[in-house]
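Please go through the following structure with ring pairs, charge pairs and strand pairing in mind. A grouped briefing follows the display.

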Amino acid sequence: MNKRQRKRLLIFMIVPVLAAILFFTDDLLIRVITIALMVIYVAFIIFLRDSIRFDGKFSIDTNEDLETDYTPSSTAEAEESFVIVSKNKDVNVITAENYKRNFVRPSDTKLIPPDLKERFEEIAKEELPAGIGNDGKFAFALEKVLSVIKDAYSAHSALFFWYNRKKEKLSIERFVSVSNDISNRKFDIEDDILSKIVQKSEPELLSNISPTAEADVIRYYDKPQGIRSFVGVPLFYENNLIGILAMDSKMDDAFGIETIYSLGRFVRVITMIIQIFEEKHADIISQNRLRALLNLIGPEADFESEEGLFNAIQTSLKDLIEWDVFTFVYYKPVEKRFEVVKVVNNTTLKYIGQGLQVDLSSTIVGKAITTGLPVKIDEMSSENYKRFIKNEDLTLDGSFLAIPIVYSNQNFGILCFESLKKSHYTNADIKFLQSAVNIIAYIIYSHSSQKLLKSLIALDLDTRALNAENFKQRLVEDLVKQYSVKAQGALALIKIDDFLEQESLFDGDPFPKVLEAVTESIAEDLTPMTIFGRLDEKIFAVHFFNTDPKSVYIWAEKLRVKVARRPVNVISKQNTYTISIGVATTTGRTDADEVLGNAHLALQKAVEKGGNTVRNIN
């Protein structure tokens, strides 16, 4: 028997010895102790044997061929060892033999809501609110970012604040919160946590806010919420602090340093969104301003009359700058005063009316007139400012801007813009308007010059006939001469009949050709004893000095027939047009207005007859 076997036999003999004690003793205590020792001893042998089995002396072979290598030196060890043979398992793998077979992957057990696709598309394709501008679109995008931040950090509230450096105030732009007690007001810079972020321009982190200090530290709630943690980071744009991104939670240590770094990435996203919206807004403003200037100098602009000029300026200024009230103050050279000639009030508040004369002293517009410089008031309520007159009573308290219209050192008027928003107009707006006003000033200068020249010209430029003012003046002279020599006379008013239905036959406007043909027909039969004038766009006047009214009536009939038979070439087509004539005697009359009134009455009867007719009044 070898040493190992003897050792095992001696160890085993302890068990029979302990068992024999149970037979040779009657003491209960000794029996209990003996049984306990037997249990401990057997357990010790079993657990010790199991620990030795896996200490490296026994090998576990999982060879697929079930082969065990034996060497002479390990024969004795192998007699006491055993081999654990694993069951041959099939491995799920795609090989070259089964590559072309179709495999179906077992489905995962997941709980998917039936409306998953619909809910996702509802979120991903959410429509922008209708009728919002760039500010509303930015607020919409910002709210989505805040929703992501709140959900990602399980926060109680996620908020974004604007910082007004000029007024040193914070205001909430957007927030996403469980609470409905967030205050919608402006906050002064004091000693709370938001103010510290502004003052230091650094992130702030609070991990354990005392309930008694919550109202002083967190000021953007109307009442305590049980906030325990807070984190806030500044938002910079063009190296200026313009806002704060913040979160809070009702849990202690809800945020850490890593949260500040993550919020920094969100801040970068928000600054990029701001930059994109700002560039887009600048492009839109530039396009609108360019379109407005082009419309102002376009072919459709009507500068023939003052009313047309004022309307064209007001229409173009809609896109040049934002305003709630527009007022045009115009210098009238005849009256030698500045007068309000155009007012557009888009508000429901009371404002001044047209025809108001501007006071040059103690008013904003008067200051702009006398100095020739723009005047910008950011808050009309800060002092008792007067816009146009000293005793005005207006309740608008926003911002006011006055831009003088100066050309060749001459002030033609003032463009006034008023907004309900305070500090609405900037120096950049003033710089642009000064450049744009140069064009407006030149247009007004050209209009005034043309009006002055036309007043000095006695003839109508289109027909070479006397204009209305000079014809009336010459008519008065003829009536006085005619009355003094007791001569006869007659006045004929000639009107081109309307031809709106015929106008659709042509590609262009036939009126200039018709006007030319009628003018030539009238001028062919004139004598040195007649004066010929144009009273209106379609009405001509001819006064016959020392002529029998019956002869004038016959002349009018001949003219009517001649015009009706004369074809007019327009583009590649021909057509005929008609005239109506009213004749009134001027014998023994010296009142030009009375004579013109009688002639107009006769002409009206001819027109009411259907046109192409001659009527006379004695």
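Are F161 and Y220 buried or exposed? Both F161 and Y220 are buried. The model is predicted. Its protein chain carries 16 helices and 18 strands. Of the 618 residues in that chain, 37% count as buried.

**Overall figures**

- The accessible surface of the protein chain is about 38,300 Å². Carbon and sulfur atoms hold 53% of that surface.
- Take the contacts in the protein chain with a separation of 6 or more: residues 24 or more positions apart make up 60% of them.

**Aromatic pairs**

- A pair of aromatic rings is described by the distance of the centres and the angle of the planes.
- The structure contains 16 aromatic pairs. One of them joins F161 and Y220, with 5.6 Å from centre to centre and 55° between the planes. That pair is tilted.
- F161 sits in strand β1 (residues 157-164), while Y220 sits in the loop between α7 (214-217) and β5 (229-237), so the pair ties together parts that are 59 residues apart in sequence.
- F326 and F417 also pair: their ring centres are 5.7 Å apart and their planes meet at 40°, so this pair is tilted. The cut-offs explain the label, because planes under 30 degrees apart count as stacked and those over 60 as edge-to-face.
- The F326–F417 pair links distant parts of the chain, 91 residues apart. F326 belongs to strand β7 (residues 325-332) and F417 to strand β11 (residues 410-419).
- F326 and F417 are both buried.
- Ring pairs also link F138, F160, W162 and F277 into a cluster.

**Salt bridges**

- Side chains of opposite charge can pair when their charged atoms come close.
- A search of the whole structure gives 26 salt bridges.
- E339 and R337 form one, with 2.7 Å between the closest N and O atoms. E339 is buried, at a relative accessible area of 8%. R337 is partly exposed, at 29%.
- Where do the partners E418 and R387 sit? E418 is in strand β11, and R387 is in the loop between β9 (375-377) and β10 (399-407). This pair links distant parts of the chain, 31 residues apart.
- The closest N and O atoms of the E418–R387 bridge are 2.7 Å apart. E418 and R387 are both buried.
- The side chains of D498 and K538 meet in a salt bridge at 3.3 Å, N to O. D498 lies in the loop between β12 (489-496) and α13 (500-503). K538 lies in the loop between β13 (530-534) and β14 (539-545).
- D498 is exposed, with a relative accessible area of 57%.

**Strand β5 and its partners**

- Eight of the nine residues of β5 are buried, so this strand is largely enclosed by the rest of the structure.
- Strand β4 (residues 204-206) pairs with β5 in the antiparallel sense, over three bridges. L206 has F230 of β5 as its bridge partner.
- Strand β6 (residues 240-249) pairs with β5 as well, antiparallel and over nine bridges. Y237 has N240 of β6 as its bridge partner.
- β5 and β6 form a hairpin with two residues between the strands. There, E238 takes a positive phi near 55°.

- Helix α9 (residues 306-320) has 15 residues. From first C-alpha to last, α9 reaches 21 Å, close to the 21 Å expected at 1.5 Å a residue.
- Which residues of α9 are buried? They are G308, L309, F310, A312, I313, Q314, S316, L317 and L320.
- An α-helix has 3.6 residues a turn, so residues three or four places apart point the same way.
- T519 lies in helix α14 (residues 511-524). T519 is buried because its relative accessible area is 9%, and buried means under 20%.
- Leaving out residues up to four places away in sequence, T519 touches T463, F532 and F540.

Note on methods. Residues are numbered from 1 along each chain as its sequence is written. This is a predicted model: local features need pLDDT of at least 70, side-chain atom pairs count only at pLDDT 80 or more; totals for chains, interfaces and linings use all residues. Side-chain values use heavy atoms; hydrogens and water are left out. Rings of Phe, Tyr and Trp (its six-membered ring) pair if their centres lie within 6.5 Å; planes under 30 degrees apart count as stacked, over 60 as edge-to-face and the rest as tilted. Helices (H or I, at least four residues) and strands (E, at least two) are DSSP runs, numbered from the N terminus. Buried means under 20% relative accessible area, exposed over 50%, partly exposed in between (1.4 Å probe, protein chains only). The expected span of a helix is 1.5 Å times one less than its number of residues. A salt bridge is a side-chain nitrogen of Lys or Arg within 4 Å of a carboxyl oxygen of Asp or Glu. Contact means heavy atoms within 4.5 Å. Accessible areas come from the Shrake-Rupley method with a 1.4 Å probe; for residues, only the protein chains shown count as cover. Two strands pair if DSSP finds at least two bridges between them.
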